[in-house]
Amino acid sequence: MKTKKTYALLLFIGAILITTSCVKELDFEQLDEVVLTPVFEADFIYSEFDVEDYIPQGTPSNTEFTIPPEVLRDTINYDLVGTDFAIDNLDRVELTMEVRNTIQRAFTLQFQFLTQTGQPIGQLYSIEVRAGLGEGTEPVVSPQPGDPNNPIVLDNATLNQLASAQKIATEIIVPTLNSDLRGALQIRSKASYYVNYQL
Amino acid sequence: MRILLCLYIGLLGCSLYSQNKETLYDFTDLPQSLMLNPGADINFKYHAGVPFLSQIHVNVGFKGASIYDVFADDGRDINDKIENTINTLGSNDFFTLTQQLEIINFGWRSKKDTNLYYSGGIYQELDLIVYFPKDFAVLAYQGNQDFINVPFRFSNISATGEFLTVYHFGYNKKVNKKLTFGARAKLYSSIFNFRSTKNRGTFTTIETPQGNNIYQHIISNADASLQTAGYASLRDIESEDNADGAKQVLNKFLGRAFLGGNLGVGVDIGFSYKLEDQWTITGSMTDLGMIFYTKDVETYRARGSFVFEGLETPITDDNGQDILDELEEAIPIDTLNTSYTALRPLKLNGSIKYSFNRYVGDGCDCQDSPYQDAFGFQLFTQFRPKRPQYAASLFYYKRLSNFLKGKVTYTVDDYSYKNIGLLLSTHINKINFYISANNLLEYSNLADARGASVQLGFNVIM
């Protein structure tokens, strides 16, 4: 008799547990909507161009001179925007330049994406650098708000175009200089990667 | 990625706690109480667990969140819910999973000295704890743009996992009318182990207004390691046939389970002491031991510092600049085969109990205690990589009949202030069946529970 009662009680408790235990209103389909949208900021290129380093030896005072274009041209490996991950999962990349100039000349800074074989791909990006006020003065910062290519935005369509980009060519286009000029051009930059990763 | 996230969130949901078995502790009607306190005041003549069925224990826990926080069908955007959950969780929150399966368990009272009770057996255990890597979850989910000058700490990465079999033999002695003392020797046979603890160093993106570039990305004094034992040989299994590969893995696991792997030793000790007729205090220390990992050991370690401030142009180095090469040179990842030793997670239990409602009349099968009711207080601590886990319980024990005994617990711990547990144990002739679960209040919505624990088993007891 007692055994029966025991089992009856166990059954009763078991029934209560089973009928009251439940998992309410869960929707695992929501996983389809999960999107990771982190924004990563990383340094891009940097450079310093001091006029004095480029004055040919023996140039007399107050003499005009030019720098051969190849001297201030460079190609660096940069295949980040050409990877499958970038094309599939980057919403856009923003390249923000910050050029500080104390040389009393205006310059142009240019970027061009290249394929592995060095073929240009996509558009040429130019940044106009304002003339500085001379050595020892507060540097003039370019570009300023509202200037074109501030920042350079590579949207997803552009990134698709740049799928085969492996390198980036940079060039500082220097006007005719004078041997009396002093000062420096400092280029600092960062890339902001706007990820849009759907699970 | 998706599978990992599903798994992680899934595990996050079915959460139970540490290895606390608050309902089973000092439940001296069951031989399994000897596994929590070898000095439990038991009164069996002999016992034998039904092989593979004498104790099935599963304990999953997540401190800090529940599956409901993320997957509730409440119309809110899941991305907001994930972000909220990541923001709510801290680096001391964790996921833990413990599973135990008794393979055999037996015991008998000494014929020479009836105050002595011997017990032994084999059980298999899986024990996993993964701390929430808060800083790197934030980095992955939000990026570093909003965290300039904020260090991401490698110390956030902390996890251990152990899969092992335990061979044990213990004795339990009634020293006098008041004191019962017990000890148990354990031999651990590790099947698989990994641990990544005590990682150091930071990754920070700092603003450098006067620097070469806008930022500096600094990995500072990184020292991160992952120790594994039992992994390297599995990785080396090369089989194109999945079934054959699985068979090879299983054979290796079985070999290690039967003392063919890394071995360790440990002890459990405990006591019960009757202060007066109705008051009893107990205490135990279990898994005081260590495992020596000497075979099939592989440790991956990365140490160093690195500063990245962009690509310098024009490049002055003729070889060009390869950031990944520079990084690998600055912070090389070494693969070591050095032996290591790891402590088992030590557990401490203690209780004070007041028994009352003395049985009057005939028919009492009062072999262990003449009282039908008891209440008291229990404490539990388990040592974990970052800090110990604590739990405190109030309990009420009731002998409902000679056939049915029960215990109700109310537990407060890191995760919950409303954890109600229940154990029921039936004793019909020699056959015993018990079942225990905790967090009963959460049964109305298990998805919102952050913990629950289930144990059940069959024994033959005399």
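This text walks through a predicted model of two chains, A and B, beginning with chain A. Local features are given where pLDDT is at least 70, side-chain atom pairs count only at pLDDT 80 or more, and totals for chains, interfaces and linings use all residues. Residues are numbered from 1 along each chain as its sequence is written, while chains are lettered from A and ligands numbered from 1 in the order in which they are written.

Chain A has 4 helices and 14 strands; these are DSSP runs, helices being H or I of at least four residues and strands E of at least two, numbered from the N terminus. Of its 199 residues, 25% count as buried, that is, with 20 or more other C-beta atoms within 10 Å of their own, C-beta atoms being placed from the backbone. Among the contacts in chain A with a separation of 6 or more, 82% are between residues 24 or more positions apart, a contact being two C-beta atoms, placed from the backbone, within 7 Å.

An open sheet in chain A is formed by 4 strands in the order 5-11-7-8, with antiparallel pairing; two strands pair if DSSP finds at least two bridges between them. Strand 5 (73-77) and strand 8 are the edge strands, each pairing on one side only. On average, neighbouring strands of this sheet are turned by 20° against each other, direction ignored, with axes fitted as lines to C-alpha atoms. Within the sheet, strands 7 and 11 share 7 bridges, and A:Q112 has A:A169 in strand 11 as its bridge partner.

The largest nonpolar core has 36 residues. Such a core is a set of buried Ala, Val, Leu, Ile, Met, Phe, Trp, Tyr and Cys residues joined through C-beta atoms within 7 Å. Among the members that touch the most others are A:V81, A:V93 and A:L159. Elements giving two or more residues to this core include strand 7 (107-114), strand 8 (120-129) and strand 11 (167-173) of chain A. Beyond its neighbours within four places in sequence, A:V81 contacts A:A86, A:V93, A:L154, A:L159, A:L162 and A:A165. A second, separate core of 17 residues includes B:L24, B:L34, B:A40 and B:L424.

Chain B has 8 helices and 22 strands, and 39% of its 462 residues count as buried. Strand 3 (residues 94-109) runs antiparallel to strand 4 (residues 116-131), joined by 15 bridges and by a hairpin through 6 residues. Here B:E102 is bridged to B:Y123. Strand 4 also pairs with strand 6 (residues 159-174) in the antiparallel sense over 15 bridges, where B:L126 has B:F163 as its partner.

Methods. Buried ≥ 20, exposed ≤ 12 C-beta atoms within 10 Å, placed from the backbone. Axes fitted to C-alpha atoms, helices over the stretch in contact; angles between N-to-C directions.
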